[in-house]
Amino acid sequence: MTHKFFLPFLSATMLTGGAACSVASAQEVEQTADKRRVDEEIIVAGLKPDEGQNRIGENGAMGSKVLLDTPYSLTVVDAEDIARRQANSIAQIFANDPSVFSSAPAGSTNWWGTQIRGLGVRNYYIDDVPLLLYWGGDFPLEPIESVTALKGLTGFMYGFGAPGGVISYRTKRPTSEPMLTTEIGYRTNSVFYARADVGGPLTRDGRLGYRVNLGGEKGTAYNQAGANRLVGSLALDYAINPNLKWHATATYEDSNLQHEPFQFYWADYVGSELPRPTYDYSKLNVDNSYYKARTLATATGFDWAFADGWSARLTYGYTSKFHRSNKMFVYMRNQAGDYDGYAYNFADLDKNHFVQAIMQGNVVTGPIRHEIVAGASFQLMDSAFGYSDKDYYWGNDFNGNIYQDQPFRVTRPISFGTDGWPTRERQEALFLSDTLHIGENLQAMLGVRHTQYRLFDLDGDPSVDSGYRTTAVTPTLALIYKPAPYVSVYGSYVEAMEPGSRVGGEYANAGEVLKATLSRQYEVGAKYEHQRLSLTLAGFRIERAATIDRIVDGARRLTQDGLTLYKGGEAIGSYRLSDDLKLGAGVVYLDSSIRNVSAGNEDLRGNVPAGAARWQLTSNAEYHVPAIPGLSLHGNVRHTGKAPTNDSNSLYVPAYTTANAGFQFDTLLDGRKVTFTGNVNNLFNAKYWTQTNIGEGINGTLSVRLSW
C-alpha cells in the first residue's frame with residue numbers, strides 16, 4: 001500500500017439540526033461515450049441542503065422530533081460516512097466530533113473507553129432497546145444505518161443511566177426496491193473481510209419488505225491481534241394497512257479477538273513521565289490470550305397512525321451478550337517500562353427485556369399548539385457473572401517490560417461458568433412531555449419521568465437480596481427560540497438518576513454495590529443549518545456524584561464521595577467553499593473539577609477527574625476531484641489534550657495529534673456501480689498513549705463494493 005493514494009485532505013461532516021451528520025457523496029456515476037462529468041448530488045443523511053433542518057430524529061421518551069427543535073447537542077453519523085472512512089470502532093466513527101472520544105483503538109476490546117464531554121458512556125441502545133456495551137467490545141457495524149451520540153444527561157428520555165450520554169445504533173431497514181451489494185476488503189496486516197447487503201419487497205404489493213446483512217472477517221490486525229468474527233442481521237417490515245405497520249429486527253455477532261495488546265493501568269506507577277510508547281505490538285501481548293463475545297439484539301413492534309396528527313408505537317426488545325475473558329491487564333510501574341501483569345478470567349451473561357409504549361400528537365388550545373408525548377416503559381436486566389473459585393480468576397501471573405518479549409502463556413484450566421454473582425435490575429417508568437409552540441418562533445418544553453428502580457443483588461442465594469430500591473422523578477425543561485426556520489437558540493435543564501454499579505474485580509472491595517446517585521445538567525446552545533454553512537454551539541454544566549479510587553491500608557478501593565463538575569463549551573461546524581470542496585472543524589473545552597469531598601479526601605478538592613482532557617480539537621475536509629469524475633478525497637486531524645490518569649493528578653497522559661486520510665472512487669463496470677475505497681489511519685504513525693491502551697499505529701484498509 002503506497003501513500004501516494006492517500007492525500008491529507010480532510011473528511012467532512014455536516015450538522016443537521018445540531019447533529020454532526022456526514023455529508024454523503026451519493027454520486028450516481030454515469031459514464032457515457034462522451035465521458036461527460038459526473039453530476040454530484042449532495043445528500044445530508046438522505047436529505048438535500050436546507051432540508052436537513054426538517055430531519056426527524058428518535059430520542060427515547062422525547063419521541064420523534066425535528067433535530068433543530070431538540071434542545072440538546074447530538075451527533076449522527078450515517079452508514080455512508082462510516083463506509084467512506086471504513087470506520088470499525090467508536091473512536092473512528094466519531095473522529096470528527098471533538099466531544100466524543102474513545103481510548104480504545106481499533107483491533108482491541110473497548111473496555112470502559114468511550115467518553116462524551118469527559119464522562120464515561122454507559123448507555124447504549126440498539127433500535128431503542130438497551131444493551132450493555134461499555135465493556136467487552138463495540139457493536140458490529142455491518143447492519144447499521146446510523147450511530148447517534150446524544151450528549152449529556154438523558155434521564156427523561158431513557159431513564160436511569162450514567163450522565164455521560166447515549167450511543168444509539170439504528171439498524172438498516174428494508175428497501176422499497178430490490179438491492180444487493182457485495183464487498184470484499186483488506187486491513188493491515190492481514191485481515192480479510194467480506195460483506196453482503198440484500199433487501200427489497202417480498203410480496204408483489206410491496207407490503208412486506210426485508211433486509212439481510214451478512215459479514216465476516218479473519219486475520220491478523222495491525223496490532224498483532226487475531227480477528228475472527230461473523231455477523232448476520234435480518235430486518236422485516238409489513239404494512240398491515242396504510243395506518244398500521246409491523247417491524248422486526250435481529251442482529252447476531254460471534255467474535256473471538258485473540259492476543260490483543262494489554263489493557264494498561266497506572267494506579268501503581270512511580271514517576272511523573274510515562275514510558276516512551278512503542279508499537280512493537282508483539283511484545284505487548286500474551287500469545288494465547290483472547291476475548292470472546294456473542295451478541296444478540298432483537299426488536300419488534302407496531303407503528304399506528306390512529307388519528308390525524310396522532311401516532312403510537314409499541315416496542316418489545318431482547319438483547320444479550322455473553323462474555324468469556326482470558327484478557328490480560330498490566331499495571332505500569334515506572335518510566336523504564338516495567339509492569340506487573342494480571343490475567344482476568346471470567347464469564348458473564350447479560351440479558352435485557354424491554355417494553356415501551358409511546359403516543360405522540362398535537363392539541364391546539366387557543367393560540368398555542370401542544371406537542372404531546374406520553375408513554376410507559378418496563379426494563380428487566382439480568383446479569384450472571386461467574387465469581388465462584390472455579391469460574392473467576394484475577395491474579396498476578398506474569399511481570400515484564402514493554403520493550404521485551406513476554407513469554408508467559410496461560411496453562412491452567414479455565415472454567416466459564418456464570419454462577420456466583422447474579423444481579424437483576426428492574427425499571428418501571430411513566431413519562432409525559434408537552435412542547436408548547438407559542439407562535440412561529442418560540443417553543444417551551446416541559447417533561448417529567450417517574451421511575452421505580454430496583455436492584456436485586458442475590459449473591460448466589462435467591463433468598464438473600466443485598467441490593468436496593470428507589471423511586472425518582474426526573475424533569476426536563478427547555479426553551480427554544482427560532483428567529484428563522486434554519487436557526488434555533490435553546491436553553492435546557494435536565495436531571496438523571498444513575499444506578500449503582502458493582503465494583504469490579506481489580507478493586508479490594510470487589511463485589512460491593514454502590515448506591516444510585518442524582519446528576520444535573522444545564523445547557524445553552526444554538527444550531528444553524530442553511531445553504532453552505534452548518535454550525536452547532538453549546539455551553540454546558542454537568543454535576544455528578546463522584547466515584548473515587550482510594551488506597552486504603554495498601555489496597556485500592558472504589559468509593560463514592562463528593563461532587564464532580566464538568567463545565568465547558570463546544571463548537572462544531574462545516575462550510576462548503578465550492579461545489580467540490582468542503583471544510584469542517586470542531587473544538588470542545590472542558591473545565592472539570594472534583595468538589596465537595598468529605599474528610600479524608602481533601603487532597604482531591606479542585607483536581608481534574610481522571611481521564612478528562614481540557615481540550616479536544618478536530619478539522620476535516622472533503623474534496624471531489626473535478627478532473628476525475630467519481631473520485632473524492634477525504635481526511636481529518638484530531639488533537640487530544642493531556643489528561644490525568646487518576647483523581648490525584650499525579651500522572652498525565654500526554655497530548656497527541658493524529659491524522660487520517662482516504663479516497664473513494666465510484667465508477668461503472670459492465671453497467672454496475674463499483675466503489676473502490678481506501679483509508680490510512682494515523683497517517684504519520686504518531687506514537688502515543690491513551691488512558692487504557694497503547695496507541696493505534698499506522699494502518700490501512702482497501703475495499704471494493706459492487707452494486708448488482
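This is a predicted model: local features need pLDDT of at least 70, side-chain atom pairs count only at pLDDT 80 or more; totals for chains, interfaces and linings use all residues.
Residues are numbered from 1 along each chain as its sequence is written, and side-chain values use heavy atoms, with hydrogens and water left out.

**Aromatic rings**

The structure holds 41 aromatic pairs. Rings of Phe, Tyr and Trp (its six-membered ring) pair if their centres lie within 6.5 Å; planes under 30 degrees apart count as stacked, over 60 as edge-to-face and the rest as tilted. One of the pairs is formed by Y186 and F192, which is tilted, with 5.2 Å from centre to centre and 55 degrees between the planes. Burial is described by relative accessible area: buried means under 20%, exposed over 50%, and partly exposed in between (1.4 Å probe, protein chains only). Y186 is partly exposed at 25% relative accessibility, whereas F192 is exposed at 53%.

The pair of W266 and W689 is edge-to-face, because the ring centres are 5.1 Å apart and the planes stand at 85 degrees. W266 lies in the loop between β19 (263–265) and β20 (290–307), and W689 in the loop between β38 (672–681) and β39 (699–707), so this pair ties together parts that are 423 residues apart in sequence. Strands (E, at least two residues) are DSSP runs, numbered from the N terminus. W266 is buried at 6% relative accessibility, and W689 is buried at 3%.

A charge sits over a ring if NZ of Lys or CZ of Arg is within 6 Å of the ring centre and within 35 degrees of the ring normal. The charged end of R412 is placed in this way over Y393, 3.8 Å from the ring centre.

**Strand β10**

Strand β10 (residues 123–126) is covered on both faces: N123 and Y125 on one side, and Y124 and I126 on the other, are all buried. Two strands pair if DSSP finds at least two bridges between them. Four bridges join β10 to the parallel strand β13 (residues 165–171), where I167 stands opposite Y124. Two bridges join β10 to the antiparallel strand β11 (residues 129–130), and there P130 is the bridge partner of Y125.

**Salt bridges**

Side chains of opposite charge can pair when their charged atoms come close. A salt bridge is a side-chain nitrogen of Lys or Arg within 4 Å of a carboxyl oxygen of Asp or Glu. A search of the whole structure finds 34 salt bridges, among them the following.

| Pair | N to O distance |
|---|---|
| K482 and D69 | 2.9 Å |
| E570 and R117 | 3.4 Å |
| R424 and D382 | 2.6 Å |

R424 is partly exposed at 35% relative accessibility, whereas D382 is buried at 17%. Both K482 and D69 are buried. E570 is buried, with a relative accessible area of 3%, and R117 is buried, with 2%. A network of salt bridges links E142, E183, R187, R195, E217, R229 and E253.
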